[in-house]
Amino acid sequence: MDAGRWRRVASGVGRSVAVWAVSTVTMLVLAGLLPDFQVQSDSGDSATRIAVTAAAGAGVFGLLSSLVWPFLVRALLLVPALVLGVLVFFLNGSLLLIALRINPSGRGEAAPETAVVVAAVMSAVASAAGGALAVRDDDAYRRRLYRLADRRRRRAAGRAGPSTPGAVFLQLDGVGYDVLREAMAKGLMPTAARWLGGPRPTHRIVPWRTDWSSQTGASQLGILHGSNHDVPAFRWYEKENQEVMVCNRPNSAAELQRRAVERTGDGGLLTLDGASRGNLFSGGADELALVLSIAARRGRDNRSRAGYFAYFSDPANAVRTALSFVAEVFREIGQSLTARIRQRRPRVKRGGLYPIIRAFATVVERDVVVAAVIGDMLAGRNAVYADLVAYDEVAHHSGPRGRDAEKILERLDRSLALIAKVAEHAPRPYRIVVLSDHGQSPGETFLTRYGLTLGSLVRAGCDLPVPRRARRTHSGAEARTAVRAALRRPVEERAERAEREERLRPSGRHSEPVVLASGNLGLVSFPDVPHRMTREEIDRRHPALLTTLANHPGIGFLLVRSEEHGGVVLGAHGVEVPLDRLDDEHPGPLADFGPGAADAVRRTHSFPHTADIMVNSWYDPAGGEVLAFEEQIGSHGGLGGAQGRPFLLSPVTLSAPAGEDADLVGAEQIHQVLRRWLRECDGPQVPLDMGSEERAA
């Protein structure tokens, strides 16, 4: 062993002893502060005996954490992630109780609830002490990663590592092109700015245009599997199955992936020695962590949950993430309270389970995914695709350019810097590509502005009962007036209206419409009609509905099927334009939605599961605002503004994504670009054997 290695070993032993000493002092302090925790006998002990008891207890606790914790994590792989984060504290408390019981002095004692607190504090202090004793925390972490890399190389002794570059694709969920540019200009993302700046930039950046359905389900399915055909929105109703498909439900994600594989004939972007981390879909990868499309599997077939093991098997990681999780929950509560006190507008409710959901997205998901990507690079995998969802989750509730969202961008940039540094010591060179699946458009909600939901407006246009509050709004009154005019019905007295609504409740000739929202895109389906209804059929059934929707100031345009013209776009004041007559020079009601809107609408019209009525909200080109049909002040899912303008940031060593004057349009084209780059890296793409059920799942 050379002198440098001896120094590293001695340094590591010294840090371990120092951390043990700090843990001992922490245990002594807590024993003095907490009445239910003691490290001496009831009759009292000498100071020396108490110190020895504390040192032994701290040592046994640290040893148990190192030896037992990995097995506990493996046993809990089937536990949902949110529950696992809470269990970390209780498991640590249990280990401390065991440590006190087997302490050679036999004098330690703690109440179970106190043990949880003591274990959490000791783990946090030990973790902080380990970092403080290093010259720099980043350096210490990198040295640990290098040791892992050295171990892998020794295990692979005699086998040369790949000489061709691998590819790492990092998806910053929801970060639009303009938001990224602004963040770099403000100094929030110095790593990305450094890649693009200077006399010799290492990367280039271009925007691309999403499909009409500007959301992760459609974009990521197209990027990873080469087809997002028949994904009209984030959620939609399928009449033949009488089922609502939702992109972030495990069963729906598995079915969408199966359909894409069947349509394209191969498994996706990551079919050979690939890794999928934190994604909705697998991309055909064998190495999976936090992948939704296989999350519904039980037992050994669910390889995605095994991704937790690599991270949470380290007790320091587990406790640090758990404490960060709790801190993030309280941070969200504080930020939400501040927004309410300062009466910021627009604003949505952020209570209930949202603080926990946000903490999972911004802490647990980030930590596990980044650690998995680092492990993949040190293992020399050919292709890695990872999704970091933190910004998208926060921007929905705080706004795309809010201070809360900017803080998340800073954290994401630190993750990019860490991954780039690790790439320097990986067993093969890596090309790091950063991209987003969509952006977000700001704006208040449809409900906030008009006092009723899209569902209530549809019901009013169908002459169905609506909530009293919605009935009293201006929009509700206009809808009722339109219904009366269409049906040539005189003005109703209150008693007559109540009697008619009561009569409609128990039974009606038709089932009620299913109204779903995907950001600022709404979908209206009539489940009792097995086919996609035409404009003429809708008018016969509900004469005022299309007029009510098209003339509403919060709605930009409608798409319906016509018996005479095929697809028809409806706008306010009776505007009706067949789809085959729309283009960028003659956009009709799509004029405000920018270039490519007509093509995007035309493509969605061709899908088998497009809703009977597709509703896109109003859009203000000057302010870039839309009106979300969900409770979000940063939304995506339809046409209008920054939501349809994500980015693609790639190394200059790879070919340009598109020609000089060509636009990148649609997630399927991004898939082709990434495939080309993998070929340039001597990438792993091979067709999938369609008989392989494992790949198709």
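Is Arg603 buried, exposed or partly exposed? With a relative accessible area of 25%, Arg603 is partly exposed; buried means under 20% relative accessible area, exposed over 50%, and partly exposed in between, with a 1.4 Å probe and protein chains only. The structure is a predicted model, in which local features need pLDDT of at least 70 and side-chain atom pairs count only at pLDDT 80 or more, while totals for chains, interfaces and linings use all residues. Residues are numbered from 1 along each chain as its sequence is written, and side-chain values use heavy atoms, with hydrogens and water left out.

Arg603 has a charged partner: Arg603 and Glu668 form a salt bridge whose closest N and O atoms are 2.8 Å apart. A salt bridge is a side-chain nitrogen of Lys or Arg within 4 Å of a carboxyl oxygen of Asp or Glu. This pair links distant parts of the chain, since Arg603 belongs to helix 22 (residues 597-605) and Glu668 to helix 23 (residues 667-680), 65 residues apart. Here helices (H or I, at least four residues) and strands (E, at least two) are DSSP runs, numbered from the N terminus. Glu668 is also partly exposed, at 27% relative accessibility.

In the whole structure, a search finds 33 salt bridges. One of them joins the side chains of Glu630 and Arg235, at 3.1 Å from N to O. Glu630 lies in the loop between strand 19 (625-626) and strand 20 (634-635), and Arg235 in strand 5 (residues 235-238), so the pair ties together parts that are 395 residues apart in sequence. Another salt bridge connects Arg459 with Glu512, where the closest N and O atoms are 2.5 Å apart.

Attention now turns to a pair of helices. The axes of helix 12 (residues 354-379) and helix 14 (residues 403-423) come within 10 Å and cross at roughly 15°; axes are lines fitted to C-alpha atoms, for helices over the stretch in contact, and angles run from 0 to 180 degrees between N-to-C directions. Helix 12 and helix 14 are therefore roughly parallel to each other, a term for angles under 35 degrees. Residues of helix 12, including Arg358, Val370 and Leu378, meet residues of helix 14, among them Asp404, Arg411 and Leu418, where contact means heavy atoms within 4.5 Å.

Some of these residues also take part in a network: salt bridges that share partners join Glu328, Arg331, Glu332, Arg350, Arg358, Asp404 and Arg411.

Technical notes
Parallel < 35°, antiparallel > 145°, perpendicular 65-115°, else oblique.
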